[in-house]
Amino acid sequence: MLNFDKDRFVRIESGAVSIAGDVRSLMRKLVSDGAERLYFMGTGGVQILTQPAIELAQRYSTFPVGAQYPAQVVLDPPAGLDDKAIVVIPSLSGTTKESVELLSFLKKRGVRTISLTGHKDTPVARETDYNFTNFAEDDTSSESFYLQTMLIVLALLDARGEIDDFDAIVAELQRLPALLVDAKAAFEDQAAKLARTIKDETYHIFTGAGSVWPEANYYGMCILEEMQWIRTRPVHAADFFHGTLELVEPGVSVFVFKGEDVYRPLSNRVENFVKRYTDRVWVLDAATVELPGISARVRSLISPILLATLLERLSAHLEVLRDHPLTTRRYYKRVEY
């Protein structure tokens, strides 16, 4: 596979799954100590990656779990941000400016904090009450953060007695990293062909629903816009017919993401519509990925992980064909803003 290190990938994603036992113990402790609400507070793309976990919590539990932007919290915090709250702060670098400022703010309010970082000796990793560091970089961080945030929510549900299959889910997730390598290999030729087809496109619409909507949003904003300088329009499939449909015409590129959850019909509806009006429709379907030994229950949880791992292959080919490395930036962390 093009520019891919199998051993590195398996090591990183296995590291993400390996926090399961410690996260379970921690969530049991925090729940027994009287925690009453949980917030995910990340900045930029990493916050988008927490959304499937938040939706998972909201489907299974009445325990309040939500998201807040750190930059907004320090200006006007939500109600209940006190010693009964838990805040999870994901930050790949561990140095994100907004996250560092947030930590200082939360400490003054007695909020308990958990960080998920890619580097240990960093301000975010050092200053939170509990830290889980799993080394990752841009090309492996999506799967890593999806897995870690999902495990936090599963551990919360387990601690509250709202699920009884935590161990079974983790046992399957431990097999996932190697299976994701196989999925990448099976998609490699298709990724190369798709990259050749779209390399000169200047605009894409991205859509999806349920757990794969965050991946549609993330790939459009954080990969194609930030890392390739290509304009995109991410839109939730439930909103597609309330504005964006009027932009569809011959020649317009539309990516439709499909997951294996109850929201799949929303993506199907968009797919059926756009294929009538443009010949440039690209469907990425988690259900097409072969995962021997993975149950339907777990597959329904990991659709965004599957799409993220396939899209990494597309990105690897795009950066070569467009002669635009994914690390190239004009402004991000290069100028003051």
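In which hand does H4 pass H8? The crossing of H4 past H8 is right-handed. The views below come from a predicted model.

**View 1. Helix H4 packs on helix H8.** H4 covers residues 51-60, and H8 covers residues 138-159. Their axes lie 8 Å apart, at an angle of about 20°. Angles under 35 degrees count as roughly parallel, so H4 is roughly parallel to H8.

**View 2. Residues that join H4 to H8.** H4 contributes Pro52, Ala53, Leu56, Ala57 and Tyr60. From H8 come Tyr146, Thr149, Met150, Val153, Leu154 and Leu157. By class, this contact of H4 with H8 holds ten nonpolar residues and one polar residue, with no charged residues.

**View 3. Helix H1 packs on helix H8.** H1 spans residues 6-17. The axes of H1 and H8 come within 8 Å and cross at roughly 20°. That angle makes H1 roughly parallel to H8. The H1 and H8 crossing is right-handed.

**View 4. Residues that join H1 to H8.** On H1, the contact uses Arg8, Phe9, Ile12, Glu13, Ala16 and Val17. On H8, it uses Asp139, Thr140, Glu143, Ser144, Leu147, Gln148 and Leu151. The contact of H1 with H8 divides into six nonpolar, three polar and four charged residues.

View 5. Over residues 27-167, the chain is 46% helix and 17% strand. The end C-alpha atoms of this stretch are 15 Å apart.

Technical notes:
Residues numbered from 1 in each chain as written. Predicted model: local features only at pLDDT ≥ 70, side-chain atom pairs only at ≥ 80, totals over all residues. Heavy atoms only, no water. Axes fitted to C-alpha atoms, helices over the stretch in contact; angles between N-to-C directions. Helix = DSSP H or I, 4+ residues; strand = E, 2+ residues; numbered from the N terminus. Parallel < 35°, antiparallel > 145°, perpendicular 65-115°, else oblique. Left-handed = near helix turned anticlockwise from the far one by under 90°. Contact = heavy atoms within 4.5 Å. Nonpolar A, V, L, I, M, F, W, Y, C, P; charged D, E, K, R; others polar.
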